[in-house]
Amino acid sequence: MAAFRLALIQLHVSSIKSDNVTRACRFVQEAAKQGAKIISLPECFNSPYGTKYFPEYAEKIPGESTHKLSEVAKECSIYLIGGSIPEEDSGKLYNTCAVFGPDGALLVKHRKIHLFDIDVPGKITFQESKTLSPGDSFSTFDTPYCRVGLGICYDMRFAELAQIYAQRGCQLLVYPGAFNLTTGPAHWELLQRGRAVDNQVYVATASPARDDKASYVAWGHSTIVNPWGEVLAKAGTEEMILYSDIDLNKLAEVRQQIPILRQKRSDLYAVEMKKP
């Protein structure tokens, strides 16, 4: 299957977990009705984003929120990338993305590898590591269309992760993410286009909708980029579903025209996995 429809749900996230989950599932149902076969929710879709919220909203996987995602994936017979939620496991908290297949089965669980610890004086300081622990594994899953690689937000800044996913045969990279009003205008689209061109893959980012009253204001602008680096679709800041038809023939064409993946000088350099 050389083509399929991808949908990104740019959800307005409130402080009421049950409402966030219910509305997310309704959007998944709507996207499926519009022909989407792979659907992604945004980072921290069931909880406000912030270190003070993570302990309060954290849950097990499987748990309350992911049970609903499993149900709606099965009901709609789609692949559902569950954005991310604060996960509690053995006394530790993680920023975790759970992916469900068309039969409702949990396919993979990606714990954010690179924690968002930054300090831009006068603009933004944030330390996920105050409450969260980092994941330590790569996360891919297979569909009838292509293999998909997962990252969460800050993971996108690390080119090596995307390179390893490309080496492992991924043709689509999905990053649920919540950049902010400082890093968003500067780097959000730039990083996506860079990852797409460097690895000749499709890149998609699912952001929460912007809420100017929130303690952490997300940039919005969920985006889908093709392997040529072209922006196929880009949301504004409001709550919406973003669609794009993914053409894997285009990917094959780009790789044939500019065959960098087979021109790499492995005798001079390499990006290697330290863990499977």
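This is a predicted model: local features need pLDDT of at least 70, side-chain atom pairs count only at pLDDT 80 or more; totals for chains, interfaces and linings use all residues.

Residues are numbered from 1 along each chain as its sequence is written, and side-chain values use heavy atoms, with hydrogens and water left out.

**The cores**

Begin by selecting F4, L6, I38 and L172, which touch the most other members of the largest nonpolar core, a group of 44 residues. A nonpolar core here is a set of buried Ala, Val, Leu, Ile, Met, Phe, Trp, Tyr and Cys residues joined through side-chain atoms within 4.5 Å; buried means under 20% relative accessible area, exposed over 50%, and partly exposed in between, using a 1.4 Å probe and protein chains only. Next, colour strand 11 (residues 170-176), which gives the most to this core, with five residues. Strands (E, at least two residues) and helices (H or I, at least four) are DSSP runs numbered from the N terminus. Then select A24, A73, I78 and L80, which are among the 25 residues of a second, separate core.

**The aromatic rings**

Rings of Phe, Tyr and Trp (its six-membered ring) pair if their centres lie within 6.5 Å, and planes under 30 degrees apart count as stacked, over 60 as edge-to-face and the rest as tilted. There are twelve aromatic pairs by this rule. Select Y79 and F141, whose ring centres are 6.3 Å apart with planes at 25°, so that this pair is stacked. Because Y79 belongs to strand 3 (residues 79-81) and F141 to strand 9 (residues 140-142), the pair ties together parts that are 62 residues apart in sequence. Move on to F126 and Y216, an edge-to-face pair with 5.6 Å from centre to centre and 70° between the planes. Both also belong to one aromatic cluster, made up of Y49, F54, F116, F126, Y154, F158 and Y216.

**A hairpin**

Now show strand 5 (residues 92-100) and strand 6 (residues 106-111), which pair in the antiparallel sense over five bridges; two strands count as paired if DSSP finds at least two bridges between them. Which residue in strand 6 is the bridge partner of C97? Selecting H110 shows you that partner. Five residues lie between the two strands, and in this hairpin G104 takes a positive phi near 85°.

**A buried loop residue**

Select N226, found in the loop between strand 13 (223-225) and strand 14 (231-234). Is N226 buried or exposed? With a relative accessible area of 3%, N226 is buried. Its side chain reaches the backbone nitrogen of W228 at 2.9 Å, and a polar contact of 2.8 Å joins the side chains of N226 and E230. A polar contact is a pair of N or O atoms within 3.5 Å; within protein, one must be able to donate a hydrogen and the other to accept it, and residues adjacent in sequence count only if both atoms are side-chain atoms.

**Backbone details**

Finish with the peptide bond from I61 to P62, which is cis with omega near 0°. Then select C153, which has a positive phi near 50° although this residue is not glycine, and which is buried at a relative accessible area of 5%.
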